[in-house]
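Okay, thanks for making time, everyone. I'd like to walk you through one model this morning, so let's get it up on the screen.

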Amino acid sequence: MHEEARAFVIGYPIAHSRSPLIHRFWLEQLRTMGSYDRLEVLPDALSEFVKQMRAKKWRGCNVTIPHKQAIMDLVDDVSPEARHIGAANTLWFDDDQLKATNTDAYGFAANMDDYAPRWKSAKTCLIIGAGGAARAVIYACRQVGIGSITIVNRTTTKAEKLSEDFDVQAADMTEALRDISPFELIINTTSAGMGDISPLPIDFKSAQSAAIAADIVYAPLNTQFLLSARAHGLHTVDGLGMLLHQAVPGFEKWFGRRPKVNLPLRRLILSDLGEPT
């Protein structure tokens, strides 16, 4: 590349984002000319930011809260994944067209492939939570052919809405978490167990011995959900790999090289999180 390719992550607030650590690691590792920075963009400035992107010919950006839905109305083309999930997190230029996609489902699936490859053969799945992350996880599970997906959420109406959008089942959260024996795959997409948020009232004693428990949270790395699942002998997958893998497609689109998620990158982010490496 003759000129330095510039990419960003935008959001409000944005200081917490670890995307610069990930992309700068790859830029250095692959000896690629480019830069990746944080940009704080207020909601009412989003349209102006997109105009600026077009004028300055930046390569693209990651998009985080609160812009992941609004950005879809400001681009030229939205991928089927982003439309289905209802949010976009990655923008890039293809010729003069500004395109948007969602890489969270890809990130989730790639992380599961790394640490629990047999997840693809599961026939039953319980997904806890009904937010944007749950939508991406449902999409990923559907893509690998998991037939029976049940959604539970503290606010039942949200689970019911999600069940309608994706044609999956909604269940009462208290009852489902009391007996998780029907499920081969149990996935937490909520922030339960983080900080002062109460852990989930889930009874892992009732789980199948071969069940897989996955959490998309990565701070803390070992959530109460995962610790409890592990204590009952379940195979577990933490959420850090999803964060790392979801960054791969964007980097490739902006900088022209496909990076790898490896142990040095994982250790870098763990160190930044204050976790043992």
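Let's start with the pocket: helix 9 gives the most to the lining of the largest pocket, with 3 residues. Before I go on, keep in mind that this is a predicted model.

So, the pocket. Its volume comes out at about 1,100 Å³. There are 31 residues lining this largest pocket, and Thr64, Ile65, Lys68, Asp104 and Tyr218 are the ones closest to its centre. Which elements supply at least two residues each to that lining? They are strand 3, helix 5, which runs 132-143, and helix 9, which runs 240-246. And if you sort the lining of the largest pocket by class, you get 14 nonpolar, 14 polar and 3 charged residues.

Ile65 is joined to Pro66 by a cis peptide bond, with omega at about 10°. Pro66 sits in the loop between strand 3 (60-63) and strand 4 (77-78). There's another cis peptide bond between Ala219 and Pro220, and there omega is about 5°. If you're looking for Pro220 on the screen, go to the loop between strand 11 and helix 8, where helix 8 is 224-231.

Helix 4 has the largest share, 3 residues. By class, the cavity lining comes to 6 nonpolar, 2 polar and 2 charged residues.

Okay, last topic: helix packing, and here I want to look at helix 1. Take helix 1, residues 19-29, against helix 10, residues 248-255: their axes come within 11 Å and cross at roughly 50°. That angle is why we call helix 1 and helix 10 oblique to each other. The crossing of this pair is right-handed. On the helix 1 side you've got His23, Trp26 and Leu27, and they meet Val248, Phe251, Trp254 and Phe255 of helix 10. In that contact, 6 residues are nonpolar, 1 is polar and none are charged.

The axes of helix 1 and helix 11 come within 10 Å and cross at roughly 145°. This crossing of helix 1 and helix 11 is right-handed. Here helix 1 puts in Leu21, Ile22, Phe25 and Trp26, and helix 11 answers with Pro264, Leu265, Leu268, Ile269 and Asp272. Sorted by class, the contact of helix 1 with helix 11 has 8 nonpolar residues, no polar ones and 1 charged.

Arg31 has a positive phi, about 50°, although it isn't a glycine. You'll find Arg31 in the loop that connects helix 1 with strand 2, which is 34-40.

That's me done, happy to take questions.

Conventions:
Residues numbered from 1 in each chain as written. Predicted model: local features only at pLDDT ≥ 70, side-chain atom pairs only at ≥ 80, totals over all residues. Heavy atoms only, no water. Axes fitted to C-alpha atoms, helices over the stretch in contact; angles between N-to-C directions. Helix = DSSP H or I, 4+ residues; strand = E, 2+ residues; numbered from the N terminus. Parallel < 35°, antiparallel > 145°, perpendicular 65-115°, else oblique. Left-handed = near helix turned anticlockwise from the far one by under 90°. Contact = heavy atoms within 4.5 Å. Nonpolar A, V, L, I, M, F, W, Y, C, P; charged D, E, K, R; others polar. 1 Å grid on protein atoms, 1.4 Å probe; cavity = no way out; pocket = protein on both sides within 12 Å on 5 of 7 lines; lining within 4 Å. Points joined across faces, edges and corners; volume = space filled by probe spheres on them.
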